[in-house]
Amino acid sequence: MGVSENIEMVKAGLGDVTKLIAVTKTKPAELIMEAYEAGVVDFGENKVQEMVSKYEKMPKDIRWHQIGHLQTNKVKYIAPFVFLIHSVDSLKLLKEINKQALANNRVIDCLLQVYIAREETKFGLSREEIIEILTAPDLDHLQNICITGLMGMASNTENTEVIRNEFAGLKLFFEELKSISHPRIQMKELSMGMSGDYPVAVEEGSTLVRVGSLLFGER
Ligand SMILES: *Cc1c(COP(=O)(O)O)cnc(C)c1O
C-alpha cells in the first residue's frame, strides 16, 4: 500500500477526538509531500536540525511537532515556527522556550513528557516532578508558553494489557490535572500512541497519536 492508503487506514480508526501526527523523522521531503497531499497537516520530528531543514522546504501551513528530546541550546532554531513541543522534561527547558517564544513575539504550546517506569527512554518527568512544575511560582512569569497537556510513551512490549494499563494510568493523571487552575495551563491534549500501540491509546483517551513506520515504512 502507498502512503495515502496507509493514512486512510489509520485515520479510519481514530474517531472524533484523536488527531494524527505523521512522524517523518529520517524520511525525505518527497514522502512528506505525499502525506501532505493526502490531507495531513501535522508532522512530527525528533531532531531539531532535520525539522528546520524540512520546514524550509515544505509548505508553510504544515504544523511541526517536536516529539524528541529537546536540548536547551537548540530551542532558538525551532522557536519561530514550531506548533507544539511534546517533550518538555524540565522547568529549565520551559523557561528557555518562553524566552525564545518572547523573542519571536509568540506563545508556544508545550506538553510535559511523562516518564513511564518500564520504558527504555531516560527522558521524561515523574508525576511528582510534573506537579512541581505545574505549581511552580516561576510559571506565573512565563507569559509566552502554554502547557496544553501531557505526552507519554508506553513500554516497548507485546503485552497489550501492560500497555493499556499504562495509557489508562496516564489518562487518569491527565484528568486529575485538569483541576489545576492557572493562566499558563490548559490541560486538553494527551499525546499517546505510536505505530505499534495507537489503537489501544485511542481507546484509552489519546487526543494525539504519533505514527511513523506504519505510514512510511520501517526506518
Ligand atoms: C519515532 C517516534 C514515534 C513514531 O514511532 P513509530 O513506531 O514509527 O510510529 C512516536 N513518538 C516518538 C516520541 C518517536 O520518537
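Which side chains does a polar contact of 2.6 Å join? The legends below describe close-up views of a predicted model, beginning with the view that answers this question.

**Figure 1. Polar contact between Glu166 and Ser155 in the predicted model.** The side chains of Glu166 and Ser155 are joined by a polar contact of 2.6 Å. Glu166 belongs to helix H7, which spans residues 160-177. With a relative accessibility of 12%, Glu166 counts as buried, because the cut-off for that class is under 20%.

**Figure 2. The tilted aromatic pair Phe43 and Trp64.** In the pair shown here, the ring centres of Phe43 and Trp64 are 6.0 Å apart and the ring planes stand at 40°, so the pair is classed as tilted. Distant parts of the chain are linked by this pair: Phe43 is in strand E2 (residues 42-45) and Trp64 is in strand E3 (residues 63-66), 21 residues apart. Phe43 is buried, its relative accessible area being 0%. Trp64 is also buried, with a value of 1%.

**Figure 3. The stacked aromatic pair Tyr55 and Phe81.** The rings of Tyr55 and Phe81 have centres 3.8 Å apart and planes at 10°, so this pair is stacked. Tyr55 is part of helix H3 (residues 48-57), whereas Phe81 is in the loop between helix H4 (75-78) and strand E4 (84-88); the pair therefore ties together parts that are 26 residues apart in sequence. Tyr55 is partly exposed, at 24% relative accessibility, while Phe81 is buried, with a relative accessible area of 13%.

**Figure 4. Arginine side chains over phenylalanine rings.** The ring of Phe83 has the charged end of Arg63 over it, 4.8 Å from the ring centre. In a further view, Arg127 lies over the face of Phe173, and the distance to the ring centre is 5.0 Å.

Figure 5. A polar atom in the side chain of Lys25 is 2.7 Å from an oxygen atom of the ligand. In the side chain of Ser195, an N or O atom lies 2.5 Å from a ligand oxygen atom. Gly212 contributes a polar backbone atom, 2.8 Å from an oxygen atom of the ligand. The ligand taken alone exposes 390 Å², of which the protein buries 89%.

How values were computed:
Residues numbered from 1 in each chain as written. Predicted model: local features only at pLDDT ≥ 70, side-chain atom pairs only at ≥ 80, totals over all residues. Heavy atoms only, no water. Phe/Tyr/Trp six-rings, centres within 6.5 Å; stacked < 30°, edge-to-face > 60°. Helix = DSSP H or I, 4+ residues; strand = E, 2+ residues; numbered from the N terminus. Buried < 20%, exposed > 50% of the residue type's maximum accessible area, 1.4 Å probe, protein only. Lys NZ or Arg CZ within 6 Å of the ring centre and 35° of its normal. Polar contact = N/O pair within 3.5 Å; in protein donor to acceptor, adjacent residues only side chain to side chain. Areas by Shrake-Rupley, 256 points an atom, 1.4 Å probe, with all protein chains shown as cover.
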